[in-house]
Amino acid sequence: MILKKKKIMLKNNELRIGNLVKWYDVSKVLELHSEKNKFDNVYIECEESFEWTEYNKLEPIPLTEKWLLKFRFEKSKRFELGELKPCYVIFSLAVMIRHNSFFVDWIGGNTELKYVHQLQNLYFALTGAELTVA
């Protein structure tokens, strides 16, 4: 029996121009075409070309420590409740690793980040600037 890998779908309200997504390889969203608040087509920059593709063919890129370093986060230690916890910091944004997951703490709680585009969107919301690969 061959197990088929379940495709992870992007939500149609979380994709922004500039987000990095997976379409064969890492691609950058350049334009979104929508009708009735639903994205139909996406114009992306691939490794060697620019192409239109259907929104539902894109997949999110899992967030990893390697991606944090590509975005110029610096490995650091954070003192929390008497413990030193590893984290990655850029400006005043700290991404913590707990139980092999990534979290951003904020007043009132924390938010788990699973994908690169989620980190890009959070960074933009907080700073008004794009988070770019070094």
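Rings of Phe, Tyr and Trp (its six-membered ring) are paired here if their centres lie within 6.5 Å; planes under 30 degrees apart count as stacked, over 60 as edge-to-face and the rest as tilted. Searching the whole structure on this basis gives four aromatic pairs. One of them joins Y43 and F50, with 6.3 Å centre to centre and 25° between the planes, and is stacked. Y43 also pairs with W52. That pair is tilted, at 5.1 Å centre to centre and 40° between the planes.

The structure is a predicted model; local features need pLDDT of at least 70, side-chain atom pairs count only at pLDDT 80 or more, and totals for chains, interfaces and linings use all residues. Residues are numbered from 1 along each chain as its sequence is written, and side-chain values use heavy atoms, with hydrogens and water left out.

Accessibility was classed by relative accessible area: buried is under 20%, exposed over 50%, and partly exposed in between (1.4 Å probe, protein chains only). Y43 counts as partly exposed because its relative accessibility is 23%. F50 is partly exposed at 49%. W52 is partly exposed at 44%.

N121 lies in helix α2 (residues 116-127). Helices (H or I, at least four residues) and strands (E, at least two) are DSSP runs, numbered from the N terminus. N121 counts as buried because its relative accessibility is 17%. Leaving aside neighbours within four places in sequence, N121 is in contact (heavy atoms within 4.5 Å) with E14, R16 and N19. With R16 there is a polar contact between side chains, at 3.2 Å. A polar contact is a pair of N or O atoms within 3.5 Å; within protein, one must be able to donate a hydrogen and the other to accept it, and residues adjacent in sequence count only if both atoms are side-chain atoms.

R16 also meets a ring. Its charged end sits over the ring of F124, 4.0 Å from the centre. The criterion is NZ of Lys or CZ of Arg within 6 Å of the ring centre and within 35 degrees of the ring normal. The charged end of K70 likewise sits over the ring of W67, 4.2 Å from its centre.

Strands β1 (residues 20-23) and β2 (residues 25-35) pair in the antiparallel sense over four bridges. Pairing requires that DSSP finds at least two bridges between two strands. K22 stands opposite V26 in β2. The hairpin of β1 and β2 has one residue between the strands, and Y24 takes a positive phi near 70°.
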